[in-house]
Amino acid sequence: MAAPAATDQAWEAVIGLETHVQLGTNSKIFTAASTAFGDDPNTHIDPVVCGLPGTLPVLNQKVLEYAVKAAMALNLNIAEHSKFDRKQYFYPDLPKNYQISQYDEPIAEDGWIEVEVAEKGKDTYLKTIGIERLHMEEDAGKLVHAGSDRLAGSTHSLVDYNRAGVALAEIVSKPDLRTGREAAEYASEIRRIMRYLGVSDGNMQEGSLRCDVNISVRRGPEAPFGTKVEIKNMNSFSAIQKACEYEIQRQIKAYETGEPIVQETRLWDESKQLTKSMRSKEGASDYRYFPDPDLGPIEVSADQRESWRAELPELPAAKRHRYAETLGLSQYDARVLTDEKLMADYFEAVVAAGADAKLAANWITGDIAAYVNSNRLSYANLPFRPEQLAEMVQLIDGGKISGKIAKEILPELLENGGSPKAIVDERGLGMISDPAAIEAIVDELLGAHPDEVEAFRGGKTKLQGFFVGQLMKKTGGKADPKLANQILSKKLKGA
């Protein structure tokens with residue numbers, strides 16, 4: 001195909017994502033076989049999974065519930081009537097030689113999400129990304145290639161059908177993405193929403209969330225679309241961004257040198273940081289869709305829709321807005337705190353217990369997040385409970401202890417929990433706020449360091465930091481920093 005019509009405008013990428021989300025049900029979409037991950041190969045199969053003659057699929061009601069809730073969270077319109085279709089293709093890990101999916105009547109269509117695009121060194125901005133549809137389908141199995149990590153070079157292949165028949169929600173975006181970073185942030189927000197809903201764990205390492213990227217380039221926003229190329233099975237956000245950035249440059253170079261771009265499926269080679277051709281891209285006609293004769297139509301009543309809608313939690317974008325607008329947090333703090341629902345719940349419990357929102361955010365996104373991540377803990381079972389952190393924040397905010405003292409007792413609190421106030425009282429760690437007591441210590445320090453006092457008065461004002469350090473050392477970090485600096489400044493200037 002020829003390059004998009006040339007104009008004076010720079011090249012622009014047009015990107016859309018197909019995101020496959022494994023729905024976290026205990027059993028598969030059309031059978032009671034287990035969905036447990038990591039067990040021995042071919043231990044979670046049955047006649048329905050294997051497509052044996054005479055077997056009939058039955059839709060798992062929980063799959064429908066999860067799919068509808070996911071669609072609602074993505075602002076999609078839920079269809080009152082939808083159906084399942086058979087998608088015909090042969091592959092060794094698809095035992096029936098067809099996949100049950102949804103084609104022309106999906107469960108939901110025409111939605112959107114708001115994505116916050118943040119990149120180092122660039123301004124953060126919000127972008128609304130349209131979503132074409134969400135449909136339900138079954139997953140395929142998995143091939144294990146012996147003698148190599150891929151088909152090429154392997155001596156033989158083994159098939160594991162444990163994943164076959166696991167419920168998928170496929171979410172198809174509109175071609176609204178323009179950069180690799182936007183694509184990565186969009187996929188990240190989809191994962192975040194699914195995890196908030198509790199409909200999927202979104203574990204990309206285990207294949208619970210996988211993305212196919214469709215990408216083309218054109219000469220400016222008014223030019224026609226170029227030839228679309230698909231990059232299959234992206235399983236990390238960094239890979240999505242890097243693959244898009246590589247493919248954009250590959251296609252631009254091809255057009256500018258007269259090399260044709262063909263509609264094909266490519267793979268991302270992580271080790272070589274490039275995309276490689278896999279096969280020509282199939283079209284809908286190749287799959288020979290037709291309505292599945294073993295599954296009846298799907299109907300979702302208005303009452304059922306509203307019942308499920310009422311169960312939806314506050315979603316990440318709404319939390320980000322609320323934290324910034326109501327609690328006065330920065331965009332960065334709001335983004336970090338809402339990345340994981342349990343972290344957001346912990347933060348909100350701390351604020352509800354009376355802590356200042358900004359101070360609470362600082363502790364949670366800093367020392368506490370580092371501890372939780374390094375020890376692979378969950379905020380739900382962290383020994384240091386929200387009300388205990390609130391108590392510590394209130395001690396700092398009320399001038400009872402310094403931040404230095406809080407950092408000293410924090411490791412013990414994170415490990416064992418307990419009352420910060422009780423520890424402070426028991427160990428005599430309360431802040432020294434008596435002006436007369438601090439003034440006496442300051443006088444002692446100035447008398448012990450006459451040369452430094454003279455140097456300060458001679459213009460080396462940075463020496464005030466030296467005296468602050470000496471004061472904190474002498475008081476074990478318990479002196480009120482603000483009061484100490486005021487008294488030191490006055491004394492050093494000879495006032």
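**Close-up 1. The salt bridge between K319 and E314.** E314 is partly exposed, because its relative accessible area is 30%, a value between the cut-offs of under 20% for buried and over 50% for exposed, taken with a 1.4 Å probe and protein chains only. The side chains of K319 and E314 meet at 3.1 Å, N to O, where a salt bridge means a side-chain nitrogen of Lys or Arg within 4 Å of a carboxyl oxygen of Asp or Glu. This is a predicted model, in which local features need pLDDT of at least 70 and side-chain atom pairs count only at pLDDT 80 or more, while totals for chains, interfaces and linings use all residues. Residues are numbered from 1 along each chain as its sequence is written, and side-chain values use heavy atoms, with hydrogens and water left out.

**Close-up 2. The salt bridge between R320 and E189.** The structure holds 38 salt bridges, and in one of them the side chains of R320 and E189 meet at 3.1 Å, N to O. This pair links distant parts of the chain, since R320 belongs to helix α6 (residues 316-325) and E189 to helix α2 (residues 180-197), 131 residues apart; helices (H or I, at least four residues) and strands (E, at least two) are DSSP runs, numbered from the N terminus. Both R320 and E189 are buried, and they belong to a network of salt bridges that also links E116, R192, R335 and D339.

**Close-up 3. The aromatic pair W11 and Y255.** A search of the whole structure finds 8 aromatic pairs, which are rings of Phe, Tyr and Trp (its six-membered ring) whose centres lie within 6.5 Å, with planes under 30 degrees apart counted as stacked, over 60 as edge-to-face and the rest as tilted. The ring centres of W11 and Y255 are 5.6 Å apart and the planes stand at 10 degrees, so this pair is stacked. Because W11 lies in strand β1 (residues 11-22) and Y255 in helix α3 (residues 237-256), the pair ties together parts that are 244 residues apart in sequence. Both W11 and Y255 are buried.

**Close-up 4. The aromatic pair Y346 and Y379.** Here the ring centres are 5.5 Å apart and the planes stand at 55 degrees, so the pair of Y346 and Y379 is tilted. Y346 and Y379 are both buried.
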